[in-house]
Amino acid sequence: MQTLIVLAALLVLTFAGFHLGRRRAVSTVGGRPSRLHSLPSYHGLYVALWCGIPALALFAIWSIAEPHILDSIVVSELPAAQAELGDAQLGLLLNDIRNLASGDATGAAADPAMIAAAERLRSLREIAGAGLLVAALSAAVAGLAFGRRRIARAFRARNAVERIVTIVMIVCATISILTTIGIVMSLLFESIRFFEQVPITEFLFGLQWSPQTAMREDQIGSSGAFGAVPLITGTLLITVIAMLVAVPVGLLSAIYMADYATPRVRAVAKPVLEILAGIPTVVYGFFAALTIAPALREAGASIGLDVASESALAAGAVMGIMIIPFISSLSDDVMNAVPQTLRDGSFALGATKSETIRQVVVPAALPGIVGGVLLAISRAIGETMIVVMAAGLSANLTGNPLEAVSTITVQIKTLLVGDQEFDSAKTLSAFALGLLLFVITLCLNVVALRVVRKYREKYD
Amino acid sequence: MTDMTLERPVATIRHPDLSEKRLKRRYAAELRFKLYGILALAIAGGMLALLLVSIVSKGYTAFWRTEITLNVHLDPAELDPANLATANYQALIRSSLLTLLPEVESRGDRRALSELVSGDAAIELQRLVQADPSLIGQTIEFTAATSDDVDMLEKGYISRDAAEGDRQLSDRQIAWFDQLSEQGIIGTALNTPFLTSGDSREPELAGIWGAVVGSFYTMMVTLLLAFPLAVATAIYLEEFATRNRWTDIIEVNINNLAAVPSIVFGLLGLAIFLGFFGLPRSAPLVGGMVLALIVLPTIIIATRAALKAVPPSIREAAYGIGASRMQVVFHHVLPLAMPGILTGTIIGMAHALGETAPLLMIGMVAFIVDIPAGPLDAATALPVQIFMWSDIPERGFVEKTSAAIMVLLAFLVIMNAVAIMLRRHFERRW
């Protein structure tokens, strides 16, 4: 609520700044705008930007920093006994204090120290809120006054505004870099904490994955096993099945659409592939779990095979269907890039269409197709919902597609959903798995992009 | 032929085999190849059809529900006008059922009988009486939802031939249901609660409106963040940036981000937005921020393509009349590229709407009954709701899950249709 008031006030001030700046610019030249260096609205924009941007930046920094600062003040004032608690317990305590301060008491009898802390937090919050309002508004007014004072007949307002806009655009472009840094940092830090508890060699080469840590200390197997090999093989098994479905179907449909289909067939087939590409993965997961898996199970039973109800085959096959449009559109692109002269040459030698495609077009487009398949593999490895819904939870080390296997993404989801504590090896292992996933897909993407680019340069 | 080869013993020229047989083989291979292509397309199309048919056939019934119309006597002895909140409405409904089936006597039977009506009926009746206390003493016609088991029986999902222990309803309950059906008080009606209410543990009460609203807030946050950021980035890279190491890094980085698995973005949201910045769990605000980062590359790439498609003559004309570089871009190039940018944005948003995994990571997977009132309330999203329902084994939820998928697909179809219309309407050939 308070945030909204501050934002609304800033917005009003910014608008006011625009009009003030404009009016001032016009009045400095006696109502003849043509004598100004820049159009009056640029003068207005200049003042508005000076009014809005610093205040908003202050507001953003304040909002991010405020909770941390308040927490540390409250912690520093806690009685010594509580201040010496471990990080985790301190976090819980702080949570309780925050809840108390916000008024939704948990009903547990809080001790006086906590109530005092909550009171303190509440008053601090009020002070901080008022401080934010004052600080943001005074920053806005100061910016407005500064911008307005600089307006003069010869002032190059347009150039100044354009410089600011350029800087804003550069900042926006930097967000994508920050995102990557954020991903790497968050994965790396949590993973390092995980590897302090579980050696990295055990994680990468261990053959057993059972992250369940026991409730009691003395229980057998209380430490859990964190060997990622079964997960990697499970992921690869499902990916291989998916590729066995997607590569031939996707490639052949791309070839057929490009070289054989009549316009009428193409008008139907193209949207079909686009719809396949647009269906959310959660829908594919539901389809795999409720339609394909039972069908495979029954088909297996009828020929005497024991198919697990969460078999790798069902998840992989449906994932393959999901990837078909991906492969077909990528291979369509690269095959279109093969120069027509190569085809014409082949036809002139008397080759049939299929011979031309198999012996000239596909070999020429092969690097691009391989790049596309690599991208598709990286997508299959990172796909989550289909395997969460249709593949198993228990990490079996097997190559049998009829058995249930688990994947990296399934484990990340299982470990983190509904879990709030951040320090057990169990939850931290999810970040280590995430790091593994990120590194694998990143390598595949880099290789694939390089392959595709190298190939393109050849014909352009 | 043989003479010729004798004359030239060094047979360096390979004579092509032009026999009918080989030609036939080649044409057969050609035909086979073509058939493979048809087969591939048929597999893709068949799978799509199978998927859609299996979902629609499972889900269309969820848009109807089975209702029972009872004559409830609002007994003044039971209903104290001063204390309406605590009265036993369940008993009123039960006695009204008993007047229809007087032969039911034992306690167990009576409980089994009242299990035919949804647990929500009593709450509904309470609401009715509290809204209009003057009804007390009258006998009113009251329509309530049946329990999900009855609903499933009416829709034919529970087999009457199955052994009694294998189905949710006992033989007696089915017999009562048939008796009530014969009396003509059980009917089907449009399932409006499914479209207007929040989640519930009871399949007959569960609705998707809470998830739709949660998705709406999430999408709004995504759009407000991703669109300006992406357009600014794209304009900078396409129109202003000089090619140097820094812009190269940004470009490679955007291409790589486009291929990072979405669950990794979920981990980023969990560690940075929730862990570091301390934003609330399960909030559409955080979900929207994560999804914005996911769709950012898509919109950037689409925007750059749209900017590239504006012909240089437009820019040159603008420069010619004295516009600055910034004016050329913002007054001329950007408006002309806007339809393409919007199309790309809508397609990116459609992609974000179906995204599930990152939302699971930041806790938008909680069981939430209330309709969220703002982007900071705990909420869930439509695809997450689908995922949660699909995990529940009860038969009633299979139908609901499929119906929710139908709703989600309907939204996606609408968004894509808008994108196609935009493209058709504004596409310009220069």
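Predicted model: local features only at pLDDT ≥ 70, side-chain atom pairs only at ≥ 80, totals over all residues.
The contact between the two chains takes 68 residues from chain A and 66 residues from chain B. Two residues are in contact if their C-beta atoms, placed from the backbone, lie within 7 Å. On the side of chain B that touches chain A, helix α2 (residues 20–59) of chain B supplies the largest share, 17 residues. Helices (H or I, at least four residues) and strands (E, at least two) are DSSP runs, numbered from the N terminus. The make-up of this side of chain B is tabulated here.

| Class on the side of chain B that touches chain A | Residues |
|---|---|
| Nonpolar (Ala, Val, Leu, Ile, Met, Phe, Trp, Tyr, Cys and Pro) | 47 residues |
| Polar (the others, Gly among them) | 16 residues |

Residues are numbered from 1 along each chain as its sequence is written, while chains are lettered from A and ligands numbered from 1 in the order in which they are written.

Chain B holds 17 helices and 3 strands. Its C-alpha atoms fill a box of roughly 115 × 75 × 40 Å along the principal axes. The radius of gyration of chain B is 32 Å, whereas a compact globule of 430 residues would have one near 22 Å. That radius is taken over C-alpha atoms, and the globule rule is 2.2 Å times the number of residues to the power 0.38. In chain B, 43% of the 430 residues count as buried. Buried means 20 or more other C-beta atoms within 10 Å of a residue's own, exposed means 12 or fewer, and partly exposed lies in between, with C-beta atoms placed from the backbone.

Chain A is divided into domain 1 (2–155) and domain 2 (225–459). These bounds come from an automatic or database domain assignment. The C-alpha centres of domain 1 and domain 2 of chain A lie 48 Å apart.

Next, the cores. A nonpolar core is a set of buried Ala, Val, Leu, Ile, Met, Phe, Trp, Tyr and Cys residues joined through C-beta atoms within 7 Å. The largest has 190 residues, and A:Ala315 is one of those with the most contacts inside it. Helix α9 (residues 209–240) of chain B gives the most to this core, 17 residues. Another core, of 26 residues, lies apart from it and includes B:Tyr89 and B:Trp176.

One loop residue deserves a look. B:Ser282 sits between α11 (262–276) and α12 (284–309) of chain B. Its phi is near 60 degrees, a positive value in a residue other than glycine. Most residues other than glycine have a negative phi. B:Ser282 is buried, with 21 other C-beta atoms within 10 Å.
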